[in-house]
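Here is a short tour for anyone opening this one for the first time. Have the viewer ready and follow along.

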Amino acid sequence: MANNDPFGLRSLDVEALRRRRGAKWMAHPAPFAAWVADMDFEVAPPIAEALHEVIDRHELGYPNWGGPYALSPAAKLFPARMAQRYGWDLDPDRVHDLIDVIQGVRAAIHHRSEPGDGVVLHLPAYHPFLDSIEPASRRLIGIGRTEDGFDYDDLEERLRHDSRARIWILCHPHNPLGHVFDLPELERIADIALRHGITVVSDEIHADLTMPGTTHIPFASLASEVAAHTITVTSASKAFNLAGLRWAVVHAGDRTFHDALDALPGHYLGAPNLMAVTAATAAWTRGDDWLGAVVGVIDENRTSLVDLLAEHLPEVRYRPPAATYLAWLDVSALDLGDDPAAVFRERGVELSAGHQFGRGGEGHVRMNLATSPSVLAEMVAAMAG
Ligand SMILES: Cc1ncc(COP(=O)(O)O)c(C=O)c1O
C-alpha cells in the first residue's frame with residue numbers, strides 16, 4: 001500500500017467487492033453497486049483489532065458494563081465525543097442506548113404525537129422517515145424547495161392553520177441532498193419549532209461526514225431552550241461503516257421523552273449489541289485517522305464527479321454534497337422515463353431511485369460516492385451506456 005493511501009481506500013478491487021455478502025453488492029445483479037449507504041472501504045484497523053480481540057478472548061457472553069441495564073461504554077463516551085468534535089456540552093444524564101437510529105426516531109414519534117398529528121419533514125427525504133409517518137397514522141407536513149433552499153415561508157403559512165404539528169424530523173446533515181444546515185437556517189428552524197410547540201428529532205448520523213470547509217452544528221447545541229425541545233439521535237455506524245452491527249445513541253433533551261425511556265421496562269427496546277458497542281468505542285477513541293482519510297477520498301470523489309459527469313453525462317445536474325457520501329443527481333434532462341434508476345440498472349449500475357425519497361425525488365437518482373476514485377470513474381462511464 002502506498003504511503004499516501006495507508007488504508008487502501010484508493011485501491012479497491014472491484015472483484016473482491018462483488019464477492020461481499022452484504023446487501024450493497026449482493027442484493028442486485030448489476031455489476032456496480034452505488035445505492036444503499038454502505039461504504040466499500042475496508043474496516044478501520046482499530047475497529048478490526050477490537051472485534052478480533054473479542055473473538056480471540058471468547059468474550060461473547062453478557063458484557064460487564066456495570067449491570068445489565070447500565071449505559072454501554074459507547075454511550076458513556078458520547079458526551080465527550082460531542083464536546084471534542086462539535087463543542088456541544090450535553091447533559092450526560094439524558095443519554096440512552098438504542099439499537100438503531102430509526103428506532104429512536106420512531107419511538108419519539110410515537111411518544112410525542114398521536115394519530116392524526118403532523119410531522120414536519122424536509123423533502124425529498126430519507127425513505128424510512130416517510131415510512132415512519134403515514135404508516136403510523138401521522139400526517140406528513142412536507143417542506144418543499146425553492147431555487148434558494150427550503151420554503152420555510154410556505155411552512156409557516158401552513159402551520160398557521162394547523163395546530164397539530166408535533167414533531168419535526170430534522171435530517172442534519174441531510175440525506176439525500178447532502179445539505180448542511182448552517183446557523184441562520186438552524187435558528188429559523190428552532191424559532192418555528194419553539195413557537196409552534198414542535199419537538200425536533202435531529203438525526204445527526206452523517207455529522208462526522210461533513211466535508212472540509214463546512215461545519216456541523218448540533219441542533220441541540222443552539223441554546224438550552226432549544227435542547228429542551230430536541231431529541232438527538234446518532235451513531236458511529238455511518239461514518240465508520242458499521243451499519244450491520246446495530247447500535248445507536250439518543251440524547252433526550254426533551255424531558256418527557258427521557259422520562260418515558262427511563263420508565264420503560266429494561267430491554268423493552270432491546271439490549272445493545274456487544275460487538276457494535278466494541279466497534280463504536282474503538283471508532284470514537286482510535287478511528288479518527290481512518291475517518292480523516294475516508295473524508296479525504298469522499299471529498300475528492302464529490303469534486304471529481306463534476307468532471308466525470310461533464311465528460312460522460314453532461315445533461316445531469318449535480319451540486320457536490322457538503323456532507324455525506326451521497327450524490328443527488330438530477331437526471332431529468334436525460335428523459336429516461338418514470339424510473340431512471342431502472343435504466344441505469346440496465347446499464348450496469350445500481351443506484352437509489354429518486355422517487356422513493358418522496359416529493360422532489362422525481363427525475364433524480366442518489367449515487368453512493370464511498371468507493372475508490374477508479375471504481376467511481378468506471379461507474380459513471382457505465383451509466384452513460
Ligand atoms: C439519515 C439516516 N438516518 C438513519 C440511517 C440508518 O440508521 P440505522 O441503521 O441506525 O437505523 C441512515 C442510513 O443510511 C441515514 O442516512
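Predicted model: local features only at pLDDT ≥ 70, side-chain atom pairs only at ≥ 80, totals over all residues.

## Helix α8

Let's start with α8, which runs over residues 183-195. With 13 residues at 1.5 Å a residue, α8 should span 18 Å, and that agrees with its end C-alpha atoms, which are 18 Å apart. Which residues of α8 are buried? They are E185, L186, I189, A190, I192 and A193.

Now look at the two ends. At the start of α8, a side-chain oxygen of D182 comes to within 3.1 Å of the backbone nitrogen of E185. After α8 comes G197, with a positive phi near 65°.

## Helix α7 and E156

Next up is α7, where the buried residues are Y152, L155, E156 and L159. Looking down the axis of α7, you'd find these buried residues within an arc of 100°, so they line one face of the helix. D153 and R160 are on the other side of α7, and they are exposed. As for packing, the buried residues of α7 lie against β3, β4 (139-143), β5 and α8.

E156 is worth a click, being a residue of α7. Its relative accessible area is 12%, and under 20% counts as buried, so E156 is buried. Its side chain makes a polar contact of 3.0 Å with the side chain of R195. Setting aside neighbours within four places in sequence, E156 is in contact with R188, I192, R195 and H196.

## Around the ligand

Now for the ligand. Residues around it include A37, D100, V101, Y126, C171, D203, I205, H206 and K238.

A backbone N or O atom of I102 is 3.1 Å from an oxygen atom of the ligand. In the side chain of N175, an N or O atom lies 2.9 Å from a ligand oxygen. For R246, the distance from a side-chain N or O atom to an oxygen of the ligand is 3.1 Å. On its own the ligand has 400 Å² of accessible area, and the protein covers 92% of that.

Conventions. Residues numbered from 1 in each chain as written. Heavy atoms only, no water. Helix = DSSP H or I, 4+ residues; strand = E, 2+ residues; numbered from the N terminus. Expected span 1.5 Å × (residues − 1). Buried < 20%, exposed > 50% of the residue type's maximum accessible area, 1.4 Å probe, protein only. Polar contact = N/O pair within 3.5 Å; in protein donor to acceptor, adjacent residues only side chain to side chain. Near = heavy atom within 4 Å. Areas by Shrake-Rupley, 256 points an atom, 1.4 Å probe, with all protein chains shown as cover. Contact = heavy atoms within 4.5 Å. Arc of directions from axis to C-beta.
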